[in-house]
Each structure stands twice: as structure tokens, then as C-alpha cells.
Amino acid sequence: MSKQLALFVLMTLSLVACNNDDNTNEIFDSGVWRVVNFFGANEWSSQNDGGRPVFTTDADLKVVQQLSVTFHDDGSLQGSFVGGTFAGKWSANGKDRTVSVTNISTNDSPSGISLTFLNALKEAAHYKGDSNYLKLAPDDRNSYIQFTHRTD
């Protein structure tokens with residue numbers, strides 16, 4: 001009986017130790033993500049990224065809070081920006097925490113912060129997060145968009 005228990009413990013530990021993958025569906029496909037803000041990052045690799053918010057005026061923050069995206073488990077996405085909606089494709093790799101957003105099409109011509117948002121989605125190459133928050137960064141990781149779940 002003790003050999004079976006020891007074998008079970010070893011197998012469980014080896015499974016836990018080998019699984020460094022994120023559950024990408026739990027992170028991405030977990031509801032509507034609302035933009036918190038865009039940030040200039042100092043140290044993407046640290047736990048506290050040290051980002052500085054890009055948009056700080058009340059008028060800009062009102063626009064930022066209207067930006068959202070929903071990732072679906074079939075690899076499609078949809079979202080909204082001021083004055084329009086968009087759709088596209090997404091994929092993520094839980095091993096190296098990379099992400100790709102492609103084929104974005106809109107029902108209107110975005111401008112200003114909305115255009116910045118769509119361009120940042122297209123340039124997203126890395127992610128951090130869990131089912132509570134999500135950060136997307138371009139390849140150089142010198143900036144990121146932070147999301148939280150929509151609560152309204």
C-alpha cells in the first residue's frame with residue numbers, strides 16, 4: 001500500500017512540476033474584457049510592471065472605459081470602441097505567453113483613442129494575466145494595455 005501511495009505522490013508532483021502552461025481559455029475566454037488604460041512599462045518582466053498610465057484626463061478616461069473585447073473559445077473575438085464594433089481572430093500560446101490578434105475588421109472608421117486601441121490589439125505579442133486581469137504588450141514590451149472584466 002505504501003508503494004502505491006509513494007508512486008501516486010511522485011506522479012502528482014511530476015505533473016504539477018511539468019505544467020508551466022497557462023490555461024489560455026480560462027484567461028482569454030472568460031467574459032468581456034474592458035480596458036483599464038494604456039501604460040508605458042518600465043519592467044515588463046517584474047511583478048509590478050511600473051507602468052505609467054497614458055491617458056489621465058477625465059475626457060480620455062471616459063473614452064478608454066468604452067473600449068472592450070471578448071475572446072471566444074473558437075479563436076474569434078469581437079469588441080467595441082467609441083462609435084463602432086470590430087471582429088477578428090486570436091490565438092495564444094500558454095507555454096511562452098505569446099498572443100496574436102489578426103483579421104480585425106470594423107463596422108466604422110475608428111479614430112483617436114479607439115484607433116490606438118485597435119492598433120495595439122493588432123501589435124499584441126505577449127500577455128500576462130489570469131481570469132481577473134489581462135495585459136497585452138507588443139513585441140518590445142515597452143507598453144501594454146491592461147484589461148479587467150466588465151462589470152456593467
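1. Buried residues account for 36% of the 152 residues in this protein. Keep in mind that we are looking at a predicted model.

2. Going along the sequence, they come in the order α-α-β-β-α-β-β-β-β-α-β-β-β. If you take the contacts between residues at least 6 apart in sequence, 54% of them join residues at least 24 apart.

3. Which strands does β1 pair with? One partner is β9 (residues 143-149), joined to β1 by seven bridges and running antiparallel to it. Another is β3 (residues 68-71), which pairs with β1 (residues 32-40) through three bridges, again in the antiparallel sense. There is also β2 (residues 52-53), antiparallel to β1 with two bridges.

4. If you want to find these pairings on screen, a few residues will get you there. Val32 has Thr70 of β3 as its bridge partner. Val35 sits opposite Phe147 of β9. For β2, look at Phe39, whose bridge partner is Pro53.

5. Now the aromatics. How many aromatic pairs turn up in a search of the whole structure? The count is nine. One of them is Phe39 with Tyr144: the ring centres are 5.1 Å apart and the planes make an angle of 15 degrees, so this pair counts as stacked. Phe39 belongs to strand β1 and Tyr144 to strand β9, so the pair ties together parts of the chain 105 residues apart in sequence. Are these two residues buried or exposed? Both Phe39 and Tyr144 are buried.

6. A second pair worth a look is Phe117 with Phe147, which is tilted, with 6.4 Å from centre to centre and 55 degrees between the planes. Elsewhere, ring pairs join Phe28, Phe71, Trp90 and Tyr127 into a cluster.

7. Phe117 and Phe147 come up again in the core. The largest nonpolar core holds 27 residues, and Phe117 and Phe147 are the ones with the most contacts inside it. Helix α4 gives the largest share of this core, four residues. What does Phe117 touch, leaving aside neighbours within four places in sequence? Its contacts are Val35, Phe38, Leu67, Ser68, Ser80, Phe86, Ile145 and Phe147.

8. Back on β1, have a look at Trp33, which lies in that strand. Its relative accessible area is 0%, so Trp33 counts as buried. The Trp33 side chain comes within 3.1 Å of the backbone oxygen of Phe28. Trp33 and His149 are 116 residues apart along the chain, yet their C-alpha atoms are separated by 4.6 Å.

9. That brings us to His149, in strand β9. With a relative accessible area of 18%, His149 is buried, because the cut-off for buried is under 20%. What does its side chain reach? There is a polar contact between the side chains of His149 and Ser30 at 3.2 Å, and the His149 side chain also reaches the backbone oxygen of Ser131 at 2.7 Å. Not counting residues up to four places away in sequence, His149 is in contact with Ser30, Gly31, Val32, Trp33, Ser131 and Asn132.

10. Last, Pro53 in strand β2. Is Pro53 buried or partly exposed? Its relative accessibility is 43%, so Pro53 counts as partly exposed. Setting aside residues up to four places away in sequence, Pro53 touches Asn37, Phe38 and Phe39. The C-alpha atoms of Pro53 and Phe38 are separated by 5.8 Å, with the two residues 15 apart along the chain.

How values were computed:
Residues are numbered from 1 along each chain as its sequence is written. This is a predicted model: local features need pLDDT of at least 70, side-chain atom pairs count only at pLDDT 80 or more; totals for chains, interfaces and linings use all residues. Side-chain values use heavy atoms; hydrogens and water are left out. Two strands pair if DSSP finds at least two bridges between them. Rings of Phe, Tyr and Trp (its six-membered ring) pair if their centres lie within 6.5 Å; planes under 30 degrees apart count as stacked, over 60 as edge-to-face and the rest as tilted. Buried means under 20% relative accessible area, exposed over 50%, partly exposed in between (1.4 Å probe, protein chains only). A polar contact is a pair of N or O atoms within 3.5 Å; within protein, one must be able to donate a hydrogen and the other to accept it, and residues adjacent in sequence count only if both atoms are side-chain atoms. Contact means heavy atoms within 4.5 Å. A nonpolar core is a set of buried Ala, Val, Leu, Ile, Met, Phe, Trp, Tyr and Cys residues joined through side-chain atoms within 4.5 Å.
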